Amino acid sequence: MEIGSVFKTSTLGNCKIIDLPKFTTSAGHITAINNGIEIPFDTKRVYYLYDIPSGETRGGHAHYNLQQLIVAATGSFDVVLHDGQNKRRITLNQPNKGLLVVPGIWRELENFSAGAVLLVLASEIYVELDYIRDKNSFKIKKYGINI
Ligand code: TYD
């Protein structure tokens, strides 16, 4: 897999919460996400995690090129981000807040509430070769050394 330039230079500072618009009607809320408007990429894939058993952890990988927006469509969970040097835990629990995760960031997904639905908008279709699933390999590929 060719490694894009962002992979090596990205830090936690490049990951951020995006406030998504929330339109309220008497019959509830609606949030829409447009390519290039609320998010800085074109969505090629949407997927969602659901029916996650209590205590389970998901994620545990980084991407070479993919960026994504993670939304708690229902319920709550924690996203633990690591750029190889610094770590940050972010709780998502509002459907109108999305977490932008850029390439070259290790992520773990924890503390899912019962019935939580984790929605992802991804900049690429699914390609297993874009994943790094071993944390040491991630650090070596990002920094060239085993830190
Ligand atoms: P994975 O990305 O490892 O899950 P998570 O990081 O949420 O724990 O994916 C789990 C399995 O699902 C893996 O075998 C590949 C498959 N999968 C697809 O086929 N397409 C997809 O878009 C995704 C995200 C996963």
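Five strands make up an open sheet, in the order β1-β9-β6-β11-β4 and with antiparallel pairing (strands are DSSP runs of E, at least two residues, numbered from the N terminus; two of them pair if DSSP finds at least two bridges between them). This is a predicted model, so local features need pLDDT of at least 70 and side-chain atom pairs count only at pLDDT 80 or more, while totals for chains, interfaces and linings use all residues. Residues are numbered from 1 along each chain as its sequence is written, and side-chain values use heavy atoms, with hydrogens and water left out.

**The open sheet**

- At the edges sit β1 (16-19) and β4 (45-49), each pairing on one side only.
- From one strand to the next, the twist averages 25° (axes are lines fitted to C-alpha atoms, and angles run from 0 to 180 degrees between N-to-C directions).
- β1 and β9 (residues 97-101) run antiparallel and are joined by four bridges; Lys16 stands opposite Leu100 in β9.

**The β7-β8 hairpin**

- β7 and β8 pair in the antiparallel sense over six bridges, and Val79 has Ile90 in β8 as its bridge partner.
- Four residues lie between the two strands of this hairpin, and Gly84 in the turn has a positive phi of about 100°.

**Nonpolar cores**

- The largest nonpolar core has 30 residues (a core is a set of buried Ala, Val, Leu, Ile, Met, Phe, Trp, Tyr and Cys residues joined through side-chain atoms within 4.5 Å; buried means under 20% relative accessible area with a 1.4 Å probe, protein chains only).
- Leu69, Ile70, Phe77, Val79, Leu81, Leu92 and Leu118 have the most contacts inside this core.
- Leaving out residues up to four places away in sequence, Val79 touches Ile70, Arg88, Arg89, Ile90, Leu92, Leu99, Arg107, Glu108 and Leu109 (contact means heavy atoms within 4.5 Å).
- There's also a second, separate core of six residues, including Phe7, Ala62, Tyr64 and Trp106.

**The largest pocket**

- The largest pocket holds about 220 Å³ of space (on a 1 Å grid over the protein atoms alone, a pocket is an open set of points where a 1.4 Å probe fits, with protein on both sides within 12 Å along at least five of seven lines; lining residues have an atom within 4 Å of a point).
- Of its 13 lining residues, Tyr47, Leu49, Arg58, Gly59 and His61 lie nearest the centre.
- β4, β5 (58-63), β6, β10 (106-110) and β11 each supply at least two lining residues, with β5 giving the most, at three.

How values were computed:
Buried means under 20% relative accessible area, exposed over 50%, partly exposed in between (1.4 Å probe, protein chains only). Grid points are joined across faces, edges and corners, and a volume is the space filled by probe spheres set on the points.
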